[in-house]
Amino acid sequence: MSPADQALKDREKRFVMQTYKRADVEFVRGEGALLFDADGNEYLDLLGGISVASMGHCHPDIVNAVREQVGELMHASNLFYTQPMVDLAERLSSSSLGGRVFFCNSGTEANECAIKIARKAAYERGVENPAIISFESDFHGRTYGSLSATPGLAKDPKLGPMLDGFKSVPFDDGAALEAATGSDTAAIFIEAIQGEAGVFVLSDETLKLARELCDRTGALLIIDEIQTGIGRTGSLWAYEQGPARPDVITSAKALGGGVAIGACITTEAAGEVLAPGDHGSTFAAGPVAASAALAVLDLVDQPEMLRRIRSLGTSLTEGLLKMNGVEAVRGRGLMLGVELSEGINSSELNTELLSRGLVANAPRPDSLRLLPPFILTDEQAGRALEIISGALSDQLSGTGS
Ligand code: PLP
């Protein structure tokens, strides 16, 4: 591994707003499951730009779809019809809830749309002070609606006040969810598998209860599939493996294969809620992003690909569980939270992994998160396990660099 160029770091510090703590490496190229730094060193990427490059970096089908569209039409705006937008909406709807799609450019925006739908639907039911309920440690994004539904971040007094009308209950606590839900509930808005919190799977029992509570009160069940969707858990959408069919799902991240796009996807009934003037976005559903997403869906939404995600997830999990230093592996498919033994700090381990040529992420002090690309080969998976095992052994024996 080579550290990033000092002059580049100095200019980043001077000119880029300091909202991120970056690892000391500059990536210049990606190919499949590999990233390359400025000195040509190779890294196995088991993070994929945080669940974005699920088909690997620069997949030729996605590159070609973007290249072709860029030469035809890059932007026309939502004042006009464009075919890739309609094709993508139809594809997303028919692969999930069967209603309509609102397009946007990121995950947080997809959630803003879901929040608007929930509030307007509640208003139409005569609810005066609608409340949206999420789980503590859910993550839904950084704009104010999504942030207000992200209890861990919504407490920050420096960024207040948050929006009114958001409540939270402890993760997976059915009794608390039931107690918080009532006639004023506009939506239960949750991640079925929490990603940023460190990969925690919500129980089927609580998901089923959430659906029942929504049916009882008229609230909408919104499942944030921004990290779990587009094949990540071994089905196109994570909710398909659970007992609850939501009213709304939100998608982004892997949807564009590296091109920014988000989508809020509804049932037929929830798709009726927003009307002209209620919502909009200049860049949304642009032909380039929509073409990229169609290429992604052609690749991911295939039985063999979804099977591969599940089998690779199982073999990585088995390999990780054999290692000294690993206590448990949480998650589903290729969304893995690796719980480390006491005394191993995930952030130090993560830095060590990077120095050994493996990109992962440390979402909490006791866990590593792996979001490997679906095209990872068996040989690359084996190499990744060897790197992790070697770094763990050195951490355990106190010889990590
Ligand atoms: N929801 C979930 C579950 C996420 O994991 C993220 C991003 O990590 C978001 C929403 C926000 O997405 P974006 O960063 O594209 O706004």
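Buried, in these notes, means under 20% relative accessible area, exposed means over 50%, and partly exposed is anything in between (1.4 Å probe, protein chains only).

**Ground rules**

I am working on a predicted model, where local features need pLDDT of at least 70, side-chain atom pairs count only at pLDDT 80 or more, and totals for chains, interfaces and linings use all residues. I number residues from 1 along each chain as its sequence is written, and my side-chain values use heavy atoms, with hydrogens and water left out.

I placed Ala290 in helix H10 (residues 287–300). My helices (H or I, at least four residues) and strands (E, at least two) are DSSP runs, numbered from the N terminus. What does Ala290 touch, not counting residues up to four places away in sequence? I found Pro84, Met85, Leu88, Ile261 and Ala285, with contact meaning heavy atoms within 4.5 Å. I also checked Ala290 against Val86: they sit 204 residues apart in sequence, yet 8.9 Å apart in space, C-alpha to C-alpha.

Next I looked up Gln69, which belongs to helix H3 (residues 60–72). Its relative accessibility is 14%, so Gln69 counts as buried too. Leaving aside neighbours within four places in sequence, I have Gln69 in contact with Met74, Pro84, Pro287, Val288 and Ser291. Pro84 turns up here for Gln69 and also in the list for Ala290.

**Entry: domains**

I see the protein chain divided into domain 1 (6–59 + 303–397) and domain 2 (73–300); the bounds come from an automatic or database domain assignment. Taken over C-alpha atoms, the two centres are separated by 27 Å. How many residues of domain 1 are in contact with domain 2? I get 24 residues of domain 1, in contact with 25 residues of domain 2.

**Entry: helix H13**

Helix H13 covers residues 378–396, which is 19 residues. From first C-alpha to last I get 27 Å, close to the 27 Å expected at 1.5 Å a residue; the expected span is 1.5 Å times one less than the number of residues.

Which residues of H13 are buried? My list is Gln380, Ala381, Ala384, Leu385, Ile387, Ile388, Ala391, Leu392 and Gln395. They cover an arc of only 160° around the axis, so they are on the same side of H13; the arc is that of the directions from the helix axis to the C-beta atoms. On the other side of H13, I noted Asp378 and Glu386 as exposed. After the helix comes Gly398, with a positive phi near 75°.

**Entry: strand S7 and its partners**

I went through strand S7 (residues 185–190) and found 6 of its 6 residues buried, so the strand is largely enclosed by the rest of the structure. I call two strands paired if DSSP finds at least two bridges between them. Strand S5 (residues 131–135) runs parallel to S7, with 3 bridges joining them. Ala131 has Thr185 in S7 as its bridge partner. Strand S10 (residues 220–224) also runs parallel to S7, joined by 4 bridges. There, Ile188 stands opposite Leu221 in S10.

**Entry: Thr266**

Thr266 lies in strand S12 (residues 262–267). Buried or exposed? Its relative accessible area is 3%, so I logged Thr266 as buried. The side chain of Thr266 reaches the backbone nitrogen of Gly271 at 3.2 Å. Beyond its neighbours within four places in sequence, I have Thr266 in contact with Leu97, Gly98, Gly99, Arg100, Ile117, Asp247, Val248 and Gly271.

I flagged the peptide bond from Gly160 to Pro161 as cis, with omega near -5°. Pro161 has its place in the loop between helix H7 (151–154) and strand S6 (166–169).

I also flagged Ile50, a residue other than glycine whose phi is positive, near 60°. Ile50 lies in helix H2 (residues 48–51) and is partly exposed, with a relative accessible area of 33%. Ser77 got a flag as well: phi is near 90°, again positive in a residue other than glycine. I located Ser77 in the loop between H3 and helix H4 (83–94), and Ser77 is partly exposed, at 23% relative accessible area.

How values were computed. A polar contact is a pair of N or O atoms within 3.5 Å; within protein, one must be able to donate a hydrogen and the other to accept it, and residues adjacent in sequence count only if both atoms are side-chain atoms.
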